[in-house]
Amino acid sequence: MNFSFVAGDAFQAGGAMLVIPLLDGELGDGAPPAFVAADKALEGALRAAATQEGFKGKADQTLVLNTLGKLAAERVLLLGLGARAKFTPEQLRLAAGRAAKAVQKLKLGELDFVLPDTQPPEAAVRALVEGLLLGTYKFDRYKTAGGKEDKKGQRLKAVRILLPSGLQRDESLEEAVELGRRVAEATNWARELVNEPPNVVNPERLAQAAQEVAKEAGLKATIGGRREIERLKMGMFLAVAQGSVNEPRLIHLAYVPKNAKDARRAPLALVGKAITFDSGGLSLKPSDSMIDMKTDMAGSAAVLGAMKVIGALKPPFPVHAFIGSCENMPSGTAYRPGDILTSRLGKTVEITNTDAEGRLVLGDILTWAGEHKPAAMIDLATLTGACVIALGNYIVGAFGEHDATVEGVLKAAKAAGEELWRMPVAEQQKDALRSEVADMKNSGERWGGAINAALFLKEFVGDTPWVHLDIAGPATSPKERGYLNKGATGVGVRTLVEYVRALAASPRAMAAEEPSAPARPARGKARGRSPRA
Ligand code: BES
Ligand code: MN
Ligand code: ZN
């Protein structure tokens, strides 16, 4: 998709479709110049049609009109942005997504998009680019030509962004386009990896995808199999993996800055859940709950998508990704309820539910990540149904006790247009994980299930500032919405990229992130193993 900027009253240049975003109530006196001019050329028909169709500029409204040759553009698309007081670039991102879907349905190859006059313009440009690119994504790889709805359909190829008067095309706007493009493409890449069926994306294929990311983004990749996981004594990860004929994979990607001084800084560690299919294991899920469990690797897809962008952004500190990938299957070799496992950290865990597998793999991976002495760790995981009960399909649960790091991630999410809500790591509930026979058990009572999972993970984190994002709800969308389709969303890519950008832009924040003393290893019966690259 090619983006270009046009200044002034260029809507007269025309094209297949002129897109005019409008705030709620903006059709009155304060209508934007592009709307006024188009309405004038159409002899008032635009405003009249909007009134008749009840288009007011509400956040989910769209209206397409054919201009019947009275305007250079063949069609006008009015896009509602919602209330001015509630306007954020995310409203524009969602609206641009709707525009992309409308354009695709009409099979148009080009459009002219009026940039709303909001500050800063770079944020609007980025949201517009992201919304259009995300909005055109479709998972149709497995539709054969006969089944493809848009087999002869044109792809949206050319977008002209019409700048409000007084704004000139400049380098910062071009950079906003490039950043938006990178982020949206990485997000769509993550969506594709999540949407791929579980017979295609198994642990081996996920590791291959990671290797491709590394090659493209100039990262170091280290991939290990069962033997390596055994060598690292990841007893919890091994147990989850042992029920499947598909071999597990241990994935480590590292972005290291070229500058030697920057390269020595404490890294940021990103951890992603990567269960390529979660049947529940012997604590088998009911059929209906199993259908979407190919998406149980969405956390790792988001981490890998973010690493793609991070390799290109080249922040002045290292960023590492740690992923343990396997399937959770029932079989004669599967781990059992009642099994007692020894984690890499040394803590023992009684299995009370083999469907609480994510925390087991993540526990060992978080211990391993912590051994690399990161300044902070962020994990993303489709961890609990309870988090979906609590926050629904569109909001990520954010857990962590290191306030500055949690707040940094929340702020990044806000800037990126992803919704996070902070949840408590409520110690009162720790009893839920108490075991009679081991140091703890892997699943407790139902109530506060998302908190119990966070409490479990915390046992393996030690003193490193850590944020856990439960993305079980927002990893997929139940319906088409804005730039989303039914299916994978790529949630997390934008937040992670924004967090890294914010750290990179604030040298003081990075100084604060550097541990004054070497980070202590996680507590527990640690084996005192030295970190390996
Ligand atoms: N992968 C699931 C969580 C999940 C649920 C993700 C719905 C996406 C949508 C996870 O492994 C799981 O099964 N969690 C259990 C934990 C329970 C057994 C303690 C759950 O949430 O029911
Ligand atoms: Mn499970
Ligand atoms: Zn799971």
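Biologist: What should I know about the model and its numbering?
Modeller: This is a predicted model, in which local features need pLDDT of at least 70, side-chain atom pairs count only at pLDDT 80 or more, and totals for chains, interfaces and linings use all residues. Residues are numbered from 1 along each chain as its sequence is written, chains are lettered from A and ligands numbered from 1 in the order in which they are written, and side-chain values use heavy atoms, with hydrogens and water left out.

Biologist: How many residues surround ligand 1?
Modeller: There are 16, and the closest are Lys-285, Asp-296, Asp-355, Glu-357 and Gly-385; a residue counts if one of its heavy atoms lies within 4 Å.

Biologist: Which polar side-chain atom lies 2.8 Å from an oxygen atom of ligand 1?
Modeller: One of Lys-285 does, and one of Glu-357 lies 2.9 Å from a ligand 1 oxygen atom.

Biologist: Now the metals. Which residues coordinate the manganese ion (ligand 2)?
Modeller: The donors come from Asp-278 (OD), Asp-355 (O and OD) and Glu-357 (OE), at 2.1 to 2.2 Å. Donors are N, O and S atoms within 2.8 Å of the metal (3.2 Å for Na, K and Ca), and sites may look incomplete because water is not among the atoms.

Biologist: Which residue coordinates both the manganese ion (ligand 2) and the zinc ion (ligand 3)?
Modeller: Asp-278 does, and the two ions are 3.1 Å apart.

Biologist: Is Glu-357 buried or exposed?
Modeller: Glu-357 is buried, at 1% relative accessibility, whereas Asp-355 is partly exposed at 22%. Buried means under 20% relative accessible area, exposed over 50%, and partly exposed in between, with a 1.4 Å probe and protein chains only.

Notes. Polar contact = N/O pair within 3.5 Å; in protein donor to acceptor, adjacent residues only side chain to side chain.
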